[in-house]
Amino acid sequence: MTRRLVIQRLDLIAAIVGAALGVIVILLSYIRELGQQDIGIVVLLACIIYILLRKKLLSTSQQSPSHSHRKILLLTNIIFLLTFSASILLLNFNLYYRPPLYFILVSVAAASIAVEILYSSEKSRSTWLILFKVIVLSLSVGAGIYYGFPTLIGNDTWAHASFANFIAGYGHVPSGDVYNAGQYNNFPVFHVLVAATQIITSASVKTSLFFSIGFITVISTVFIYLVGKSIGGVKLGLLAVLIATLCDMIIYTGVVCIYPGSLVLCWFMLILYLIFKKKSSVATKSIIILLFFAMVFTHQVTVFVILIALIGLLIGKKLYDYFYQDRERQEAAILPNNASAGTTTNYPGNGSRGRSPPINISLISVLILGIGMLAWWMIATNSPGGATFFDGAVLRLEAALTAGILADPSGSYPGLASSYSIVSNALYHPGYLILLFLGLIGIMLWLSAKIADRSRFALISSIVLLYIFMYGSPFIGSGFTFLPHRWLPFVYLLLTLGAAQAIVSLAGLIRRNWGKTVFTSLGAVLVVFFMLTTPYICADSPLYDRDRTGRSSFTSSEVAAAFSISQIYEGTVIIDAAYNKVFTFMLPEDNLTIKRLNDLNRDNLPEGMILLRTTLLTEPTLVTAAGTFGEGRLAILGPGFFENIEQIPGSNLVYSNGEVMTYITPG
């Protein structure tokens, strides 16, 4: 009786617990200066709104439009063609800049697709056309950022591209003694794939990265549609893939700042599809195991993320079987012998209820991944003759646990966030906050006894476990040990499914079709606009929170200045930390000694040639190096710094191309 009572109110219990957790996060953020108030507020609001709307959501959510409306569908397609075409023209007419109108046009184009999804029938022939439009729109956004500058974007991307370039040039993966790529001499799958693309197509490493990884990332989101379709119908799947392809972190990781984890992200989407595929086979399980081993040899941290996600799926599967074993037995008895299992609750876009579909994940498969991962970590070294990756991970974990919960939070992600205001933190990732809000509502709906099934339970458990590791580790003082920013794209993918459920259900509360249209349009415009204008993927054209984003790509003039100086000068060059990537990875000559502007004090400048990019006058730039652990510091040097250099006795302006000014300094 107690278990049945818990089942009937599991979503309500989760909402109350979630609201309490939101309050705790807010209080801890103030007490320990963690800077996570915005997260706590969003969690609290989502839970309160769900509690207030719970009865209506569960009773009226089937009123979503179920028949196609030709005039509306025609109008949405016209709007898409006009806005999409105009956005492409704006990209072509603006160099190194995307105007605000561009983001508005893309948001409206996405909204037109969302409305079309809302009014499309479950058996509509236009499903694949909608998917095609989603992919084309996402590719245009990703390529618009990626090819907006002639250089690569990001930090780690440059080093990985250089290693892939070496493999393409010499035709083999070198040992660490020949080319020291750190641990990636032992994790080369990503680099081999990029190098193979270079060799086959004769394209540049930049183009090879985009087509071997970025393009595949966008195409792989079709698997998210298939997962969404299997757990909630065509509309849920289409909305999920629309959100996923335009998510800031997925664009950032999968298309713009490409690194080995981007390839793992592609494989994760395929694995999710194979796991939730209704008909399992030996071939399906074999492909999953093959992908496990491929991931082990691709990237270290993200394969650990996949392991945690799969453990979550397995836990959710077992929890569902425990809570709903009686219902499963009853439905198994009611269904005729020839009925196919796998249909879900009669909820927006779903079929009639049947037995909960199976999940192709087992303890054995999780153990295979875990043992394979740990075994290779114990063999692979970080450098020739150095410690293994496993040793390094254990040492970092030991230091984190030694610090414990009372550790100074300034050396962690929450610590970084605490140095900014609540408004600034919210503006730094508004798209994520909206996705989290919608995702939580969708998750609580999945917990309701009306639509709960094995697949939804598994997804919920996986999301919760990922969040425990992602946010829990910094809260106990582990700093950057688990690299939480590497986890976000995988969490995003799962959250998009819950967010899609929330959109369909909230639209179902509105009785009139015009109201549903307005709600869906405005919701899509807000989500997409704030996803695309998130500062860290909008460094070329920041609309807000400008002081927290620094451009990590470079113009043709900035690259040309570096080449010119390297050809006419030998000695020390002093540059900002971001500009160092051009000198390290692009120049053919190795005749320069690089020093960085670590301090904004002219008295601290050594003798040599100082290169000042004019963008430093108005834009934040890295003045200390940023790496995997995100410790870089941003600052605007401003006109005063340039004047100080000019006033140094003996300094002379020796080169200028309008974007880079070069001075000889006496030291």
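A polar contact here is a pair of N or O atoms within 3.5 Å, where one must be able to donate a hydrogen and the other to accept it. With that in hand, welcome to this predicted model. The side chain of Asp-11 meets the side chain of Arg-54 in such a polar contact, at 2.7 Å.

**Around Asp-11**
- Asp-11 belongs to helix α2, which spans residues 10–31.
- Its relative accessible area is 0%, so Asp-11 counts as buried, the cut-off being under 20%.
- Tyr-50 is another polar partner: its side chain and that of Asp-11 make a polar contact at 2.5 Å.
- Beyond the neighbours within four places in sequence, Asp-11 is also in contact with residues including Leu-58, Met-444, Leu-447 and Ser-448.

**Nonpolar cores**
- The largest nonpolar core has 185 residues, and Leu-310, Tyr-492 and Tyr-579 have the most contacts inside it.
- Helix α23 (residues 488–507) gives this core its largest share, 14 residues.
- A second, separate core has twelve residues, among them Leu-597, Leu-616, Phe-641 and Ile-648.
- Leaving aside neighbours within four places in sequence, Leu-310 is in contact with Ile-271, Ile-275, Phe-292, Ile-361, Val-366 and Leu-369.

**Helices α9 and α13**
- The axes of α9 (residues 205–220) and α13 (residues 260–276) come within 9 Å and cross at roughly 20°.
- Angles under 35 degrees count as roughly parallel, so α9 and α13 are roughly parallel to each other.
- Their crossing is left-handed.
- On the α9 side, Ile-213, Ile-216, Thr-217 and Ser-220 meet Ser-262, Leu-263, Leu-265, Cys-266 and Met-269 of α13.

Technical notes:
Residues numbered from 1 in each chain as written. Predicted model: local features only at pLDDT ≥ 70, side-chain atom pairs only at ≥ 80, totals over all residues. Heavy atoms only, no water. Helix = DSSP H or I, 4+ residues; strand = E, 2+ residues; numbered from the N terminus. Buried < 20%, exposed > 50% of the residue type's maximum accessible area, 1.4 Å probe, protein only. Contact = heavy atoms within 4.5 Å. Core = buried A, V, L, I, M, F, W, Y, C linked by side-chain atoms within 4.5 Å. Axes fitted to C-alpha atoms, helices over the stretch in contact; angles between N-to-C directions. Parallel < 35°, antiparallel > 145°, perpendicular 65-115°, else oblique. Left-handed = near helix turned anticlockwise from the far one by under 90°.
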